[in-house]
Amino acid sequence: MSSVPDAALLDLLDLLDLEQIEQDIFRGTSRSAIVPRVFGGQVAAQALVAAGRTVPADRPAHSLHSYFLRAGDPGAPIVYSVDRIRDGRSFTTRRVVAVQHGQPIFHLSASFQTYEEGLEHQADMPAAPDPDTLPTAAEMLPRYADRFSDPAVVDRLIEARAAVDLRYADAPPFGTVGQPREPRSQVWFRTNGKLADDPLLHVCMATYVSDMTLLDSVLLAHGRGGWAVGDVVGASLDHAMWFHRPFRADEWLLYDQESPSASGGRGLGQARIYTQDGRLAITVIQEGVVRVPRES
């Protein structure tokens, strides 16, 4: 991996570098996504950036809980308003509301903590193939071009993931359409280039990536290919993350995902993110709308 970030990663870093327009008020822009709305991982990462910029640097984020309220407009700026809920001796709490066109589109609560010693245990890292043996997105996606009704989807998917080297351990949902599988998916990811040492940046980058594949396991259970294939429609509803141990988003991270349930037009995904040497870094849970399109 290059020590110099590539152009796509530089664009993503610029996207996360919010403009401060007033005390505790920030403004961000958007980038095009696969679907005609703001990518959920982007708004979650930007909201965490806004919260983190109001917190002392010696208090890293340890958790976030968020709700996606409305689809974001990628052509309009997003204003992030931070509410300083609490500044305690050990913990700091922030609430962030993202607004577009006068309406809230996203709500986040984040908690930050000073470092302290404590009890230690973790779930073991599951078996996974070496990421260096797996194909990149640019190598893998063209193999499935015939699965998409729009041939331009492959190029858009590659472009959307250009800042991050994301590699599937097994075939993605659109690779096994019509073949239900165990509701579990693994991907390795890291940024395409080195990042600065700012811990907040690495946490926000992982937040951005965490929304890319988490509901894949829901699709796998039913042999569905996903939004790009067109056999389901949906969107993220809520997203929660717990940051357990320090990590770097520019080094390989294993995203081990599974779905324990789908019902009522919703699917639940839960996951653990491990460093390559086996440390449990993050736990993630997300629920999303997952609907089968009605036949006309």
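Student: In what sense do S2 and strand S4 pair, and over how many bridges?
Tutor: In this predicted model, S2 and strand S4 (residues 78–87) pair in the antiparallel sense over 4 bridges; strands pair if DSSP finds at least two bridges between them, and helices (H or I, at least four residues) and strands (E, at least two) are DSSP runs numbered from the N terminus. Residues are numbered from 1 along each chain as its sequence is written, and side-chain values use heavy atoms, without hydrogens or water. Local features need pLDDT of at least 70 and side-chain atom pairs pLDDT 80 or more, whereas totals for chains, interfaces and linings use all residues.

Student: Which residue in S4 is the bridge partner of Phe26?
Tutor: The bridge partner of Phe26 in S4 is Tyr80, and Phe26 belongs, with Gly28, to the covered face of strand S2 (residues 25–28), while Ile25 and Arg27 make up the uncovered one.

Student: And over how many bridges do S1 and S2 pair?
Tutor: S1 and S2 pair over 3 bridges, in the antiparallel sense, with Ile25 of S2 as the bridge partner of Glu22. Their hairpin has 2 residues between the strands, and Asp24 takes a positive phi near 65 degrees there.

Student: What about Gln20, buried or exposed?
Tutor: Gln20, which sits in strand S1 (residues 19–22), is exposed, with a relative accessible area of 51%, on a scale where buried means under 20%, exposed over 50% and partly exposed in between (1.4 Å probe, protein chains only).

Student: Which residues does Gln20 touch?
Tutor: Leaving aside residues up to four places away in sequence, Gln20 touches Ile25 and Phe26, a contact being heavy atoms within 4.5 Å. Gln20 and Arg53, which are 33 residues apart in sequence, have their C-alpha atoms 9.6 Å apart in space.

Student: Switching topic, how many aromatic pairs does the structure hold?
Tutor: The structure holds 5 aromatic pairs. One of them joins Tyr144 and Phe174, whose ring centres are 5.7 Å apart and whose planes are at 75 degrees, so the pair is edge-to-face; rings of Phe, Tyr and Trp (its six-membered ring) pair if their centres lie within 6.5 Å, with planes under 30 degrees apart counted as stacked, over 60 as edge-to-face and the rest as tilted.

Student: Where do Tyr144 and Phe174 lie?
Tutor: Tyr144 lies in the loop between helix H3 (137–140) and helix H4 (152–160), and Phe174 in the loop between strand S7 (164–168) and strand S8 (184–191), so the pair ties together parts that are 30 residues apart in sequence. Both Tyr144 and Phe174 are buried.

Student: What of the rings of Phe148 and Phe174?
Tutor: Their centres are 5.2 Å apart and their planes at 55 degrees, so the pair of Phe148 and Phe174 is tilted. Phe148 is buried too, and Tyr144, Phe148 and Phe174 form one aromatic cluster.
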